[in-house]
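Work through the exercises below with the sequence and the model open. Each task is followed by a solution in steps.

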Amino acid sequence: MYSWKKAGSILAATALLASVFVGGCGPQQAPQAGKTPVKAMQVLRQDTPIAFGYPGHLQGKEEVHVHSKVSGSVIEKYFNGGDYVYAGQPLYKLDSRQYETAVISAQAELSKAESNLRNAQEELGRYERLWVDRAVSEQTLTNKRSDVEGHLSTVAAQRAAVRKAQENLDDTVVYAPMSGRVSVDDVAIGTYATAGSTNLVTIGTMDPINIQFSVSETEYLNLLADAMEKGTDIRHDNTPLPKVKINLSNGKEYPFEGDIVTADRALSTNSGSLTIKATIPNPQGILLPGMFVQVHLVGVKTNNALLVPQRAVQQLLDESFVLVVGEDGKSVSKNVKLGEKVGSYYIIEKGISPSDVVIVEGLTSLRAGQEIDVTMVTPEDMGFSTKESTEITDKS
């Protein structure tokens, strides 16, 4: 007869053996009693590139408001709004009838003046021959010479009048002063254009195109930190400046880099910021003046920056702090001053030292002063990186 007591002993022995084998299969050990398990890593210290971001807008590198030099009604237009035009290309034709009449009138006045001059010169010739025989007085001869000089001046004035009338006639055709794309707010046929006043159309260059944005006083000084350390005179030396990249309003990164070309001479008294202009290639004509973009300055770096993963930083009201591993095996809270975001990290400007080991996981219920069971990890273990993807500091 089968013994239930014997069967129980066999089952107990089997369970004991199973527990021994299962316990020996894995390398992990249960955390020490009363200690909170956490993961921690050494604070990073390294030269770190930073990508500053600012709101900016695009402007035509060159932009011209086209006006007519003479007044008149527009009777012809040789382009459509939005077209690309070339320097010297005719844009508008104004009513030229009054200017044609002015040319004919000026030419008639010139012919009359030239005829009077010829008569005066012939008369002067006769009086000079009479003067040889002393048949006329010297005063009479002098008067005749003065008459010729007066007619010469009149002829010169009438020639200038003809030239001016012809220029006015020529100016009834309005030409493009430069190559570029025209705006769509061009005036229509029939519009009366007042010389120097009516804006017929606007032309702007498209490639390259300008970007305008503003930086704070502190950021301006940070950009020139290397120049200050080296004693470089930025007014005369070719101080290397960071490159410019932009993101468009749809979030796409534009594939070309630009260059900073100029900065304002002074900070704005209202905002305390400095206006900067950069230029960027636009070979495809995609960028248009008036577009708003996010500007990124690349190539800027902070030397010997202290980096802490963003997930390790906790914030309470206006205070930021991290928990680090204390010498006594307990968690220690340290208040920190945050700098820029760089990939998965914050640059820490104040509050920690390079020797600190910061806790990066297990922070949910952890408080300062608790005993902890620390597992050291590396940035690679946690997937941390300093590479900038979409995490770019926004200075707006």
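**Exercise 1.** How many residues does the largest nonpolar core have, and which of them have the most contacts inside it?

Solution. The model is predicted: local features need pLDDT of at least 70, side-chain atom pairs count only at pLDDT 80 or more, and totals for chains, interfaces and linings use all residues. Residues are numbered from 1 along each chain as its sequence is written, and side-chain values use heavy atoms, with hydrogens and water left out.

- Step 1. A nonpolar core is a set of buried Ala, Val, Leu, Ile, Met, Phe, Trp, Tyr and Cys residues joined through side-chain atoms within 4.5 Å. Buried means under 20% relative accessible area, exposed over 50%, and partly exposed in between (1.4 Å probe, protein chains only).
- Step 2. The largest such core has 45 residues, and I211, F213, I246, V308 and V358 have the most contacts inside it.
- Step 3. Strands that each supply at least two residues include β2 (44-60), β11 (209-216) and β15 (292-309); strands (E, at least two residues) and helices (H or I, at least four) are DSSP runs numbered from the N terminus. The largest share, 8 residues, comes from β15.
- Step 4. A second, separate core of 31 residues includes L117, L141, V148 and L200.

**Exercise 2.** Describe the surroundings of N282.

Solution.

- Step 1. N282 is placed in the loop between β14 and β15.
- Step 2. Its relative accessibility is 1%, so N282 counts as buried.
- Step 3. Beyond four places in sequence, N282 is in contact (heavy atoms within 4.5 Å) with M206, D207, P208, I209, Y254 and L287.
- Step 4. A polar atom of the N282 side chain lies 2.8 Å from the backbone oxygen of M206.

**Exercise 3.** Which residue forms a salt bridge with D186, and where do the two partners lie?

Solution.

- Step 1. A salt bridge is a side-chain nitrogen of Lys or Arg within 4 Å of a carboxyl oxygen of Asp or Glu. The structure holds 11 of them.
- Step 2. The partner of D186 is K77, with the closest N and O atoms 2.6 Å apart.
- Step 3. D186 sits in the loop between β8 (180-182) and β9 (192-193), K77 in strand β4 (residues 72-77), 109 residues apart.
- Step 4. D186 counts as buried at 16% relative accessibility, whereas K77 counts as partly exposed at 29%.

**Exercise 4.** What is the mean pLDDT of the chain?

Solution.

- Step 1. pLDDT is the predictor's confidence in each residue, from 0 to 100. Its mean over the chain is 83, and 84% of the residues reach 70 or more.
- Step 2. Over residues 1-30 the pLDDT is below 50, and this stretch has 1 contact beyond near neighbours in sequence.

Technical notes:
Polar contact = N/O pair within 3.5 Å; in protein donor to acceptor, adjacent residues only side chain to side chain.
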